[in-house]
Amino acid sequence: MSTLIVISILAIVVLYLGLFKAKQALLPISVLGLVAALALAIMEWNSNAAPIFSGMMHFDNFAVAFSSICIITTILVFLLSKNYFEKISDNVAEYYTLILFALSGIIVMVSYHNLSMLFVGLEIMSVSLYILAGIKRKDFASNEAALKYFLMGAFSTGFLLFGIALIYGASKSFDLAVIAQYVIDRPTGIDPIFYVGLVLMIVGLCFKVGAAPFHFWTPDVYEGAPTLITAFMSTVVKIAGFAAFLRLFSICFAPLQDFWMPTLLVITILTLFVGNITALYQTNFKRMLAFSSISHAGYMLFAIVALGAASTNAIFIYAAAYAVSSITAFAVLMLVKAKTGSENFEDFNGLAKSNPFLAFALTVAMLSFAGIPLTAGFIGKFFVFNAALAQYHTWLVAIAVVNAIIGVFYYFKVIVAMYFKDNQTKQIATPAYFNFVLGVSLIITLVLGIYPSFITNLF
Amino acid sequence: MENITSTIQAVPLNHYILLSAIIFTIGVIGVLVRRNAIIIFMSVELMLNAVNLLLAAFSSYSGDASGQVFVFFIMALAAAEVAVGLAIIVMVYRNTSSIDINILNRLKW
Amino acid sequence: MSLFYVVAFLSIIFALLVIFTKNPVHSVLYLIATFFTFTIHYIILNAQFLAVVNFIVYMGAIMVLFLFVLMLMNLNTDTEPMKSTLLKVVGAIAGGCLLVTLVGSMKTLSSASTTAMDNTGIGLVENLGKVLFSDFLLPFELSSILLLAAMVGAVLLAKKDNKTA
Amino acid sequence: MIDLVWLIPLLPFIGFLINGLGRNVLPKPLIGTIASLAVIGSFAISLSIFLTFDAAQPQVIHLFDWINVGSLSIPFAFQIDQLSIMMLLIITGIGSLIHIYSAGYMSHDTGFGKFFAYLNLFVFFMLLLVMGSNYVIMFIGWEGVGLCSYLLIGFWYSNGAYADAAKKAFIMNRIGDLGFLLGVFLIISTFGSVSFTEIFPKAAGMVSGDATLILITILLFIGATGKSAQLPLFTWLPDAMAGPTPVSALIHAATMVTAGIYMIARSNILFALSPVTLDIIAVIGLLTAVVAAFIALTQTDIKKVLAYSTVSQLGYMFLGLGVGAFTGAFFHVLTHAFFKALLFLGAGSVIHAMSNEQDMRNMGGLRKKLPITFLTMLIGTIAIAGLPPFAGFFSKDEILAHVYEHNKLLWIIGLFGAFLTAAYMFRMMFLTFWGNFRGTEDQKHHLHESPVSMTFPLIVLAILSIVGGFMGVPHALGGHHWLNEYLSPVLAATNNILPALSLDHATEYMLMGISVGGVIISIIIAYVKYVSKGYVPKEEELQSGISKLSYNKLYLDELYTAIIQKPLDALSAFFFKVVDKSGIDGLVNGLGKVSIEASKTLRLLQTGNVGFYIFAMVIGIVAVLVYSFIII
């Protein structure tokens with residue numbers, strides 16, 4: 001709870017700093033505030049918190065873990081933002097404010113204990129993102145991204161709400177504990193509208209995490225939005241979406257697994273294939289990352305399909321691995337784009353010669369995405385697959401492994417471009433902030449890959 | 001007031017659900033068949049209102065106020081969404097002089 | 001009893017008119033009419049406060065904003081090129097399928113809740129206020145963040161650029 | 001000593017770090033020294049472990065808990081037993097020699113530091129592969145060596161074809177990895193563990209022919225076909241010759257490509273209980289051995305001949321595994337490592353002297369100019385041809401003896417392949433070292449014996465190729481097969497299931513006699529054709545082998561050519577063109593094309609039109625509703 005308060009107040013403070021033209025103070029204060037929020041969040045670890053505010057919010061270990069990872073990723077995104085926003089807009093303070101608002105919504109999404117909180121948190125996040133996607137006002141792509149995201153987001157919200165309403169109609173409450181009790185009390189004879197509500201909620205949540213066939217917004221919005229915002233969306237937002245998804249299903253709907261599992265299974269498989277196969281043909285690195293994020297959503301959905309004791313852990317590890325690798329990829333992309341002006345694979349040619357460190361960091365990130373051992377991505381995939389195996393989804397794992405192999409090809413396209421192709425280009429100047437972020441991500445990726453016990457036994 | 005209460009008691013809850021579903025679907029169809037971003041947006045509002053009605057009906061029928069409270073949150077969202085959405089539409093209109101969603105196809109494939 | 005059906009019929013008619021009228025301004029007006037029928041529904045449902053709020057917020061604020069933007073953009077005539085008839089039909093069919101499946105999957109509703117509770121007071125502002133400011137205090141406070149974010153964003157996006165980029 | 005086992009992989013890794021970070025700073029001699037010392041240090045430790053190790057049970061050295069998830073615990077641990085010790089010796093021993101050799105071979109290359117960094121990294125991963133105490137650690141090594149191989153094949157990436165070769169190697173290996181990974185997941189779901197010491201005792205209690213075991217072993221074997229270049233995934237290996245020659249010697253002859261055999265030998269109990277899989281392995285291995293031998297017959301690139309020869313020899317190893325001769329197959333891994341590394345390094349020496357000329361048609365008469373290279377390569381060639389008492393004789397003979405007992409038809413085909421081996425290997429020797437020099441004046445002028453750093457490893461390997469076979473002298477020849485006894489703890493469970501070799505000595509003598517006799521005849525034929533007649537293959541004959549065949553058949557006076565020579569060449573050309581280039585490459589490229597086409601088509605769904613997106617969403621929602629409520 002204190003984390004949420006700190007972040008909300010921080011957002012307002014930053015907004016006022018912008019009013020007083022204290023631009024230099026924006027970044028340090030935002031980062032410091034987030035560090036404080038992170039510390040407050042971690043202090044709640046194992047405090048056996050009970051639901052607070054009449055069961056609205058429950059800051060349990062799940063919430064602590066996911067809010068920590070979201071806050072850390074946001075800090076990394078902020079560190080990359082040095083000088084970035086200034087270039088595209090005058091209203092730098094509003095940027096920070098909106099990202100912080102979105103983050104506060106995300107904190108709500110990972111700690112809700114009542115559907116109204118889920119709804120409010122989700123909408124705080126979404127509304128902030130609609131704005132952030134379109135913040136390059138003069139840029140047509142950014143405009144298009146914002147409008148597409150907004151129209152489709154609002155549309156999907158309608159379905160989510162309809163689902164919530166139906167679940168309320170059946171269970172007569174928005175409280176997760178009451179809904180769970182409603183399900184447990186009625187092994188048979190659950191009101192049919194409850195099932196319909198459940199399916200509509202799956203639809204709404206699948207839209208937010210970008211699962212097929214509700215993924216269509218993802219590539220366009222990711223490509224059109226400013227790169228830094230894309231980085232934020234594809235990491236923090238996606239993780240929050242999954243945390244909310246998992247929280248709802250593990251608390252409320254676990255007993256109904258037989259009902260929703262087949263549906264989600266089909267969605268998962270579809271997501272994996274659509275993401276991976278479409279990514280193969282992309283020539284634009286950013287768009288490839290968008291499709292790859294769809295396929296990663298597929299892998300994370302796995303852990304929800306195979307909902308069980310291991311799911312939380314699996315998603316957490318996968319999300320952590322995915323977040324740091326994405327941050328690296330977007331950081332390098334921003335640097336390359338700043339120099340060459342475009343985002344295609346050819347722009348990475350010869351990077352290994354001109355900027356060995358950038359190339360190495362990106363290589364490790366790609367290997368991690370591809371799930372090559374000794375990187376965090378392998379551990380993540382291993383846990384997710386293992387969770388699925390534990391529920392006897394052997395052939396599902398087989399499909400996922402096939403997809404993992406397909407995925408390797410497009411990730412290696414970048415590595416090939418960097419190492420096996422020449423391009424007489426000068427070195428890209430890397431600001432210290434970027435080196436720091438890349439270094440941190442690199443270390444996290446490798447350490448998690450080699451010694452994952454830090455976080456594998458949290459839950 | 002007594003008159004109204006007796007009225008509601010005669011209407012089955014199913015009919016409210018049906019009405020909401022119809023209005024909701026009309027909203028969906030509106031989103032599907034129109035190209036004007038503002039009309040699409042209005043159709044989304046129609047969908048949200050269908051949900052509001054549903055929640056209010058459930059709330060009244062079960063004698064639980066929380067459903068009606070939830071309607072407030074949806075209204076708050078609707079207000080926020082309208083502000084942001086219209087701002088986005090205005091922004092797009094300034095750049096393209098159109099609010100036809102079909103011209104938004106630069107980002108694809 | 002028949003009041004509900006009359007109003008429901010009107011709601012559906014107006015809603016259909018919203019989406020099938022060519023002139024955007026007319027659409028907005030039909031939407032206002034639809035919302036008005038909703039207000040009546042709320043009254044029938046004994047949700048008096050909700051009825052008032054719906055009247056003020058939707059019809060008063062939101063719809064005015066819509067009209068304002070339409071006028072601002074000078075879109076009050078039917079300039080919108082309509083989708084081809086085929087697309088319209090396909091869209092309508094898809095929507096129809098949605099309705100059928102939605103209703104179909106809710107097929108046998110449990111009969112227990114077909115009649116309303118006799119608790120006539122819950123829709124009054126006093127009761128709602130109690131619930132809102134006790135149980136739902138946190139989401140209520142959080143909606144302020146939502147509104148603030150929307151406000152900041154709307155200003156940010158829609159204001160005129162002072163820089164001529 | 002065994003406590004120091006973690007140092008074995010660590011030393012090359014440190015070498016990798018130093019050379020990787022200091023590749024542009026450190027002087028070349030220092031880089032070469034560090035890299036070589038790192039591997040030599042590992043070799044010293046391996047050797048001392050070899051000398052002191054006498055436990056009957058595998059020793060597991062637990063480093064730390066790597067992954068703990070539910071009941072499944074995957075430690076980061078090394079397993080030291082007789083099998084891994086032998087592999088360690090090979091990897092670090094031959095690895096050291098090749099590092100020393102590379103210091104001379106690569107001395108003019110601009111990517112010297114990078115090269116040694118990759119090489120050290122490769123050794124590190126290879127050591128992980130053989131030392132891992134469970135399938136997941138093995139998989140780390142498995143992926144790691146693949147990655148290094150990829151980087152090293154594409155080392156001279158400025159040549160586009162080389163980068164393509166790297167890509168091909170990569171794709172084929174990924175197909176193999178798919179099998180391996182699925183196998184591992186199936187093992188997890190079957191046994192609830194990935195550690196060898198837990199799985200194998202459990203597996204030993206299962207019935208032979210258990211369906212799950214068969215599935216597991218087939219999946220693992222698919223993994224092995226990718227890494228060890230077996231049909232149908234063998235075509236990447238010849239292309240991988242694009243890499244620097246020491247890489248071919250180390251990775252694509254001595255170590256990485258034998259990983260598949262190591263893996264199967266490691267899981268011997270699983271395979272012993274799946275007779276179906278063993279039969280598949282035997283057939284695939286034999287086919288690979290013969291097909292590759294045929295293709296090698298007409299190759300003109302000296303490294304390609306060796307590459308196909310490697311594929312063929314790997315086929316023999318799989319054949320051995322398939323007929324249950326686990327010791328024999330592993331024995332062949334060891335001896336093959338000696339003489340194939342020797343041959344590659346020798347070829348490297350030739351290429352070095354010829355200023356990077358690889359085509360044998362431009363060589364000839366080199367034996368006087370490169371005496372050490374010639375002598376050592378001759379030893380290697382005799383060894384691979386299988387003349388006693390050189391190393392290859394004993395190992396190949398042991399495999400063929402098992403095959404003979406298993407199935408006579410397989411034996412005949414295998415024996416035929418062995419004759420082909422002798423023929424193409426001596427063809428290579430004669431074309432390269434006999435006759436007159438056919439290169440340019442410039443090259444002739446430049447001819448020189450290689451520096452000591454390159455000839456020293458050749459000499460060491462030549463000695464090993466001579467004496468290496470004595471570790472497995474069969475009882476028939478008065479030996480007691482030391483290797484068999486040494487490996488018996490590892491294969492104990494398997495030996496209880498599979499019958500031991502029961503041939504009497506007279507049969508064994510007969511088999512040896514037939515194979516030696518046939519090999520000598522093959523050598524004589526090659527001598528007559530390439531030395532006495534001085535035949536040099538010409539471009540157009542290679543191009544149109546099949547069409548010319550039908551034309552020339554009409555001439556009866558060319559009976560010999562028509563009956564023996566031409567069919568062989570034609571078959572060779574057929575295998576090369578149809579199986580290798582169009583068949584398998586076509587299939588792999590086709591798979592690639594299909595996915596790319598799918599990608600193109602799927603991509604078009606992303607029309608950019610919001611209306612369409614929303615429409616698709618609604619369809620999706622209807623589908624989900626229908627699926628949830630009506631279908632289920």
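Okay, let's start with chain B: of its 109 residues, 73% count as buried. Buried here is a matter of counting neighbours: a residue is buried if 20 or more other C-beta atoms lie within 10 Å of its own, exposed if 12 or fewer, and partly exposed in between, with the C-beta atoms placed from the backbone.

Before I go on, this is a predicted model, where local features need pLDDT of at least 70 and side-chain atom pairs count only at pLDDT 80 or more, while totals for chains, interfaces and linings use all residues. Residues are numbered from 1 along each chain as its sequence is written, and chains are lettered from A and ligands numbered from 1 in the order in which they are written. The model scores ipTM 0.89 and pTM 0.89.

So what is chain B made of? It has 4 helices and 0 strands, and from the N terminus the order is α-α-α-α. Helices (H or I, at least four residues) and strands (E, at least two) are DSSP runs, numbered from the N terminus.

The UniProt record, an unreviewed entry, lists residues 15-33, 38-58 and 70-93 of chain B under "transmembrane region". Its positions are given in the numbering used here, feature names are shortened, and annotations may be inferred rather than shown by experiment. In the model, residues 38-58 of chain B are 100% helix and 0% strand, and the end C-alpha atoms lie 30 Å apart. Residues 70-93 of chain B are also 100% helix and 0% strand, with 34 Å between the end C-alpha atoms.

Now, who does chain B touch? On one side, 65 residues of chain B are in contact with 74 residues of chain C. Contact means that the C-beta atoms of two residues, placed from the backbone, lie within 7 Å. For this side, α1 (2-10), α2, α3 and α4 of chain B each supply at least two residues, and α4(B) gives the largest share, 22 residues. By class, that side has 47 nonpolar, 15 polar and 3 charged residues. For those classes, Ala, Val, Leu, Ile, Met, Phe, Trp, Tyr, Cys and Pro count as nonpolar, Asp, Glu, Lys and Arg as charged, and the others, Gly among them, as polar.

Then there's chain A: 33 residues of chain B are in contact with 35 residues of chain A. Here α2 (13-33), α3 (37-62) and α4 (66-96) of chain B each supply at least two residues. Again α4(B) gives the most, with 14 residues. This side divides into 23 nonpolar, 6 polar and 4 charged residues.

While we're on chain A, look at A:I443, in helix α19 (residues 432-450) of chain A. Is it buried or exposed? A:I443 is exposed, because there are 12 other C-beta atoms within 10 Å.

Last stop, chain D. Strands β1 (residues 59-69) and β2 (residues 72-80) of chain D run antiparallel, joined by 9 bridges; two strands pair if DSSP finds at least two bridges between them. In that pairing, D:H62 has D:A77 in β2(D) as its bridge partner. The hairpin has 2 residues between the strands, and D:G70 takes a positive phi near 60 degrees.

Over residues 540-558 of chain D, though, pLDDT stays under 50.

Key
pLDDT is the predictor's confidence in each residue, from 0 to 100.
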